[in-house]
Amino acid sequence: MRRINYIAIHCSATRANVDEKITLPGEDIGVAEIRRWHTDPKPKGRGWRDIGYHYVIRRDGSVETGRPLDEVGAHVAGYNSSSVGVCLVGGVSEDGKSENNFEPPQWEALKILVASLKKRFPAAKIQGHRDFPRVAKDCPCFDTRAWAAKEGLA
Ligand SMILES: [Zn+2]
C-alpha cells in the first residue's frame, strides 16, 4: 500500500435536491456519473483512465467505491500520490453558488468512512480540497478541519 498523508474531502459541485418535488437532472449522482465525466475523452470529459476519487458519498448517504485505494487518484494537484480522495455529492445551490448543503446521512457516512480511513492511516491529515496550496475553489464548501475536530477525528 502507498503512503497516505492526507484524506482529502471534495464535493461534486452539483446542485442539491432541496425540494424533492422538483426533478433536477444530474443531482442524484454517484460513481457511475462521475466516472463518466472523468473518463470520457476530451473535451467532453477529462480523458482520465478512471474516476479521480476513491469514494463517493451519494445524497442518501450511501458510499460508493471509485478508484481502488491502492491506486493513485486524481483529485488534488501535486498531492495525489499521498492522498485518498473522498467526494460528497452536492455543494452547489440552485443558482449555482458554492453551498454547504449536504444531507444528514452524508455527514454520518463521511464520519464513518473518515474514521475507518484514520484507523488505517493514523498519520493522515484530514483536509478539504480548498485547504491545499494553490487551490482557487471553495471545494468542499465547508471547513473540513473544524468538522473533523468536532467529530473527534482530527
Ligand atoms: Zn475538490
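This is a predicted model: local features need pLDDT of at least 70, side-chain atom pairs count only at pLDDT 80 or more; totals for chains, interfaces and linings use all residues.
A residue counts as buried when its relative accessible area is under 20%, and as exposed when that area is over 50%.

**Helix α1**

Helix α1 covers residues 31-39, and its buried residues are V31, I34 and H38. These residues lie on the same side of α1, because they cover an arc of only 70° around the axis. The cover over the buried residues of α1 includes strands β3 (55-57), β4 (63-65) and β5 (83-88).

**Helix α2**

Helix α2 comprises 17 residues, 104-120. At 1.5 Å a residue it should span 24 Å, and its end C-alpha atoms are 25 Å apart, which agrees. The buried residues of α2 are Q106, A109, L110, L113, V114, L117 and K118. They fall within an arc of 165° when seen down the axis, so they line one face of the helix. P104, I112 and K119, on the other side of α2, are exposed. The partners against which the buried residues of α2 pack are β1, β3, β4, β5, β7 and α3.

| α1 (residues 31-39) | V31, I34 and H38 | 70° |

**The nonpolar cores**

The largest nonpolar core has 25 residues, of which I9, V86, L110 and L117 touch the most other members. Two or more residues of this core come from each of β1, β3, β5, α2 and α3. Helix α2 gives the most, with five residues. Beyond its neighbours within four places in sequence, I9 is in contact with residues including V86, L88, L110, V114, H129 and C139. Another core, of eight residues, lies apart from the largest one; among its members are V31, I51, Y53 and C87.

H10 and C139 link distant parts of the chain, being 129 residues apart. H10 belongs to strand β1 (residues 6-11), whereas C139 is in the loop between β7 (125-128) and α3 (144-150). H10 counts as buried because its relative accessibility is 1%. C139, at 8% relative accessibility, also counts as buried.

Terms used
Residues are numbered from 1 along each chain as its sequence is written. Side-chain values use heavy atoms; hydrogens and water are left out. Helices (H or I, at least four residues) and strands (E, at least two) are DSSP runs, numbered from the N terminus. Buried means under 20% relative accessible area, exposed over 50%, partly exposed in between (1.4 Å probe, protein chains only). The arc is that of the directions from the helix axis to the C-beta atoms. Contact means heavy atoms within 4.5 Å. The expected span of a helix is 1.5 Å times one less than its number of residues. A nonpolar core is a set of buried Ala, Val, Leu, Ile, Met, Phe, Trp, Tyr and Cys residues joined through side-chain atoms within 4.5 Å.
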